[in-house]
Amino acid sequence: MSDESMPTGASAGAAHDLETASLDTVYQQLGTSAAGLTSAEAKARLTTYGRNELSEADESDLRKFLRFFWGPIAWMIEAAALLSLLMGHWADLTIIVVLLLYNAISGFWQERKASDALAALKAGLAPKATVLRDGAFTAVDAAEVVPGDVVRIKLGEVVPADVRFIAGDYISIDQAALTGESLPVSKQIGDAGYSGSIAKQGEMTAVVIGTGANTFFGRTASLVAGAGAAASHSQRATTQIGDFLIATSVVLCVILVGFELVRDIDAPTGWHWADMADIARLVLVLLIASIPVAMPTVMTVTNSLGARSLARRKAIVSRLEAIEELAGVDVLCSDKTGTLTKNQLTLGDPVLFEAKSAEELILAGALASEAGSEDAIDTAVTGGLADKTALDGYRVTRFTPFDPVGKRTEAAVTDPEGKPLKATKGAPQVIAALCRLDGIAADKATRTVADLAAQGLRALGVATSADDGATWRFLGILSMLDPPRDDSAATIAQAKAHGLRVKMVTGDDVAIGNQISGRLGMGAHLIAAADLFARDMDMDRLPRQVEACVEKADGFGRVFPEHKYGIVRALQNRGHVVAMTGDGVNDAPALKQADCGIAVSGATDAARAAAALILTAPGLSTIIDAIDQAREIFERIINYILFRVAMTLDIMVVVVLATVVFGFAPLTAVMIILIALLDDVPIMTIAYDHTQVPKEPVRWHMRRLLLIAGFMGLMAVVQTFGLLLIGMKWISLPDWQAWIALTQDQVQTAVFLQIVAGGHLLLFVVRSRGSMFRPPYPAVPLLAAVLGTQVLAVLICGFGWFVAPLPWAVIGLVWLYMLAWMVVLDTTKLALYRHLRADAGRPAWYTRFLKEKHPAQQTSSSTSIL
């Protein structure tokens, strides 16, 4: 074969066409023959079409690292660092840069560890292939297979590329990881086989029609590449919080700068450029006060600890934000084969005809099965024997394996008494015809097969012959099914208890899916995906009636990769947060598009690469543990955000109010830095805090979150400014001064102490949705960190480290003031929550404001007020 006969039909579109073309057309378009290629031709085609593998566009480590410096909160921190640099405030600059780098390094390190874990799990799809080159079969790397190659595939081998079978008796291949079919599929000459499927029986040769990206596997991968591009809910929430703080900071900065300019202009000496340094100093104080410096770090640490905990529970997190996504999941789309079921056929109740007992029927079926075979049907039948030694007295003299034409197996055996016997099993209609069934028996066989099919069960006819096949006895029909995993029913029940709706998504027929779905309590209203999604339908722009049908259905049968992707898109368009479990190549696009893709134990590389959560233990029970963990983490992050936003508002507003009302800053730049250290660094122990796990999915209700944080921040402003008013009044009253003399600098110290200590007391208030005096109580690490911080703050104020020293009596009075306010804040918080839970009496505009645009939330029973 010359170079002029290079294939003309090995492109992506043509490879799909070659699946149905005649073999003569295949040979012509590929420029090959049943004799295969020469080594020179294969080398030339390898250069032209590339290696038989999927190229991966890996993001560089530097680019991954730099992503942690991008975003509203990161920009605010960087702006403060730049301003500190320009003004020469080296202490401020150092602290800000250290926190910024810590967040980036810890986040990058956690994602790197997840990537390494995935790399350790990754195995070759088909490392070797047997190809016909230069007239002889030889083993080569599967990546070097090219279109036009002739390959030999036998028991246990992986199909190295998309092929058309051209010679051999038959082959049975397992395509479950690709198409979701639970049983191996029998192939004959002219049939197509897909890259990544596994030969379970037989041996055939085939011509390669597509490699790399031009395979069924590759086309699925292209769907994966276009999925999941949108930012996560967590990322959008963080952006909104940053936007809110930026807007608030800008408004207060404008007020502050405007007031300072007016005051300087009205001063007797007038305005001077030197005054700009003082204004810049005030802006820097306000900017540092407005930045939740440790927020990214706290979120990263909290998620990282959760990821480590999940890893101990056999779940590897590939994206940290996926933990928070899992907390909000309200629909779980589950693959059936190998996920809800064992991917292992077992016998159902046998239907007897001439057999005297079920054991006789199963024994005959076992005799017609190949000993030691990996075939799923043979394994199921022999595994159904109650007495595993029943076959010991029989000796097989000849065995005829299953072929797709005859549709049955046959064994010639000698029984324990030395008498010859034949046993056969196969398609019921074939066995019935072999036994010449008619009349009532024939009608019963037909009716039995139809009834089993309606229940989603596969049927297998069994017969024996004592006269060398002259006449056959129809013993009965064996029913088979791929049973649910032992823990699936309990897992589904737990999922429902967690407020999740579980939908089955399977490549099997609807009847089979309905049967399994009904047994697991998932509902029995499955829809054929092909009946729902039109052939050329754009899955990114689905009609509303299709989305509504997807939302109502209990599950879907006869599903192809693009259907799974469309199902997830439809549910997301209806406002649901979707988790998708799967193990096969066909699941990869939906796994990536889902808010939280979950690759179950034993998943293919494609599924693992697309998923955000990879299970290394079988079953779905780990998912429930992951959901509990995710909701705990979500609550901790919500608690921190409530605390941090409220305290940020407190500091910013008090700084501006004091500057406007009293003409001086109530906090120095050093105090602001100390507050950042004493409030935020110890508060990272919130990652260990006890929380009450919500029983329903939780969401980022940003309007309510910011409303509550803003209200608590306003109350904190009243508390802090009230103390400032008392301090300023104290200075002006001689009698009070005679008791304990206070200076303006000491009033600043008192405000500093109130913000540090009062901030942590505020955390204890906002961390609970009920009274702070009821469980769950703070965890020991959080209590220890807060106690240590308070002791340090008291010592700083008492001994005058970095601040004006404060009399010990005043420190005691400030603490009494804060403890009284803690009770006030807790009471006010409870009243606010009661108001938010009540629907009656609200103005229409206020109700619309609180109800954010998530259609699914209108029907969900989420218990979280946030």
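Predicted model: local features only at pLDDT ≥ 70, side-chain atom pairs only at ≥ 80, totals over all residues.
**Exercise 1.** Describe the protein as a whole by its secondary structure, its buried share and its contacts.

Solution. Begin with the secondary structure, which comes to 32 helices and 22 strands. Next take burial: of the 866 residues in the protein, 55% are buried. Then turn to the contacts with a separation of 6 or more, where residues 24 or more positions apart account for 73%. Finally, the protein exposes about 36,000 Å², and carbon and sulfur atoms supply 60% of that area.

**Exercise 2.** Work out which residues of helix H3 are buried and on which side of the helix they lie.

Solution. Within H3, which spans residues 39-49, the buried residues include Glu41, Ala42 and Arg45. Because these residues cover an arc of only 95° around the axis, they lie on the same side of H3. On the other side of H3, Ala40, Lys43 and Thr47 are exposed. The cover over the buried residues of H3 includes helix H2 (23-30) and strand E1 (128-133). After H3 comes Gly50, with a positive phi near 85°.

**Exercise 3.** Decide whether Lys187 is buried or exposed, and find what its side chain has around it.

Solution. First locate Lys187, which is found in strand E5 (residues 185-187). Lys187 is buried and has no salt bridge. A salt bridge would require a side-chain nitrogen within 4 Å of a carboxyl oxygen, whereas the nearest side chain of opposite charge, Asp191, is 5.5 Å away. A polar atom of the Lys187 side chain does, however, lie 2.9 Å from the backbone oxygen of Ala192.

Notes:
Residues numbered from 1 in each chain as written. Heavy atoms only, no water. Helix = DSSP H or I, 4+ residues; strand = E, 2+ residues; numbered from the N terminus. Buried < 20%, exposed > 50% of the residue type's maximum accessible area, 1.4 Å probe, protein only. Contact = heavy atoms within 4.5 Å. Areas by Shrake-Rupley, 256 points an atom, 1.4 Å probe, with all protein chains shown as cover. Arc of directions from axis to C-beta. Lys, Arg positive; Asp, Glu negative; His and termini not counted. Polar contact = N/O pair within 3.5 Å; in protein donor to acceptor, adjacent residues only side chain to side chain.
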